[in-house]
Amino acid sequence: MFFTTFFADMSSSGVVRRGIHYLQKLKAANIPSDLIEKGQNRVIDASLTLIRERAKLKGELVRALGGALASTSLLGVPLGHNSSFLQGPAFAPPRIREAIWCGSTNSATEEGKELNDPRVLTDVGDVPVQEIRDCGVDDDRLMSVISESVKLVMEEDPLRPLVLGGDHSISFPVVRAVSEKLGGPVDILHLDAHPDIYDCFEGNKYSHASSFARIMEGGYARRLLQVGIRSITTEGREQGKRFGVEQYEMRTFSKDCHFLENLVPLILFLFSLKLGEGVKGVYISVDVDCLDPAFAPGVSHIEPGGLSFRDVLNILHNLEGNLVAADVVEFNPQRDTVDGMTAMVAAKLVRELAAKMSK
C-alpha cells in the first residue's frame with residue numbers, strides 16, 4: 001500500500017514537492033534514518049564527482065592550450081523552488097546554452113574574443129538540483145553542494161565560474177564558495193530590479209529575496225553595489241543601511257536627459273576604479289529583471305522602468321577590477337513568449353561576461 005501511494009504521489013505532485021514527499025513517505029514507512037542518509041550521500045557524491053571530473057577535463061584542456069591567465073567556465077544551477085512567485089528559472093540553464101550556440105549570431109564577443117576558443121569559454125555542466133532534492137535533501141545540504149561544486153571549478157586553474165541560474169537564491173552559496181576559496185571577501189556589483197536583502201522572506205531564509213542578506217551577514221562581501229533598483233520596500237532600505245549597501249535606484253535615473261546620457265560613466269567614475277582593490281576580486285550578479293521588460297520580458301517579476309540593455313553592457317565593458325566569478329539569474333523560459341528573445345538577452349550577457357572574465 002505504501003509503495004502504491006508513494007508512486008501515485010510522485011506522478012501527481014509538482015516537481016518542487018517531490019523531495020519533501022519522498023522523505024515524508026520514507027519516514028512514515030519507518031525506514032531507518034541512517035539508511036536514508038547513506039542513500040542521499042551517494043547521490044551527492046555522484047553529483048560532485050561528475051562536476052569534478054568535467055572541471056578537471058576542461059582545466060587540463062585549457063592548460064594544454066596555454067596562454068590563459070583566467071578562463072570562464074559555465075556551471076548551471078537549475079534551482080527554482082526558492083522563488084516567491086514563479087519557479088520557471090529552474091529551466092533556464094539549457095535554454096541559455098542553446099541560445100549561446102544557436103547559430104543566430106557568430107562566436108565573437110563585442111571586444112573581439114571568440115567563444116569557441118576553450119581558453120575563453122568552457123562548460124562543466126549542471127549541478128543536478130532536482131535529482132538531489134528528489135532524495136529528500138534539504139536546502140542546507142543543497143546549498144553546501146552548490147558551494148562545493150563552485151569550489152571544484154575554481155580548483156582547476158585557470159577556470160573561473162560563470163554560474164547560470166536558477167533563481168537568485170543561488171548567489172548566496174556561489175559567493176560563499178568564491179570567498180572561502182579565495183580566502184577573503186569580494187566586492188559585488190549586483191544588477192537587479194530588487195535588492196534581494198530581506199532578512200527572511202515568507203519564512204524562507206534561502207528565498208531568492210534574501211540571498212544578499214545571507215551574503216552580507218556571512219562577511220563574504222566587503223562592498224555591495226546594487227544598480228537598477230526600482231522595487232524596494234522599507235525593509236529593503238533598512239537592510240541596505242544595516243549592511244552598508246550602496247543602492248542606486250532607477251528613480252534617480254530620470255531627472256534629465258543629460259544625466260541619463262552620462263549616468264554610466266558617472267557611476268563608474270565614482271566607484272569602479274576602486275572596486276575590487278584590497279579584496280580578493282569582483283563578483284558580478286546579473287538578475288535579468290534589472291532590464292526593462294521591453295528588453296527582457298521573460299522574467300518572473302516584471303518591473304517596468306529598468307535599465308536598457310546597452311546601459312548594462314556599458315557597465316560590464318567599462319568595469320575595472322579583477323572579475324573572479326559571476327552569475328546570470330532569474331531568466332524564466334516559461335514567460336519568454338517573444339520567440340526566445342529573453343534567452344538571447346541572457347546568452348548575450350553570458351557571452352560578454354565570459355569575455356570580461358577571461359584573460
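Helix α4 (residues 92-100) packs against helix α13 (residues 341-357) at an angle of about 75°, and their axes lie 8 Å apart. That angle makes α4 roughly perpendicular to α13, a label for angles of 65 to 115 degrees. This is a predicted model, in which local features need pLDDT of at least 70, side-chain atom pairs count only at pLDDT 80 or more, and totals for chains, interfaces and linings use all residues. Residues are numbered from 1 along each chain as its sequence is written, and side-chain values use heavy atoms, leaving out hydrogens and water.

**Where the helices meet**
- From α4, the residues R95, I96, A99 and I100 meet A343, M344, A346, A347, V350 and R351 of α13; contact here means heavy atoms within 4.5 Å.
- The residues of this contact divide into eight nonpolar, no polar and two charged.

**A closer look at S210**
- You can find S210 in the loop between β4 (186-191) and α8 (211-217).
- S210 has a relative accessible area of 0%, so this residue is buried (under 20%, with exposed over 50% and partly exposed in between, using a 1.4 Å probe and protein chains only).
- A polar atom of the S210 side chain lies 3.0 Å from the backbone oxygen of Y198.
- Leaving aside residues up to four places away in sequence, S210 touches D196, Y198, D199, C200, F201, N204 and K205.

**Cysteines**
- C135 is buried, with a relative accessible area of 17%.
- C200 counts as partly exposed, at 38% relative accessibility.
- Searching the whole structure gives zero disulfides, meaning pairs of cysteine sulfur atoms within 2.5 Å.

How values were computed:
Helix = DSSP H or I, 4+ residues; strand = E, 2+ residues; numbered from the N terminus. Polar contact = N/O pair within 3.5 Å; in protein donor to acceptor, adjacent residues only side chain to side chain. Axes fitted to C-alpha atoms, helices over the stretch in contact; angles between N-to-C directions. Parallel < 35°, antiparallel > 145°, perpendicular 65-115°, else oblique. Nonpolar A, V, L, I, M, F, W, Y, C, P; charged D, E, K, R; others polar.
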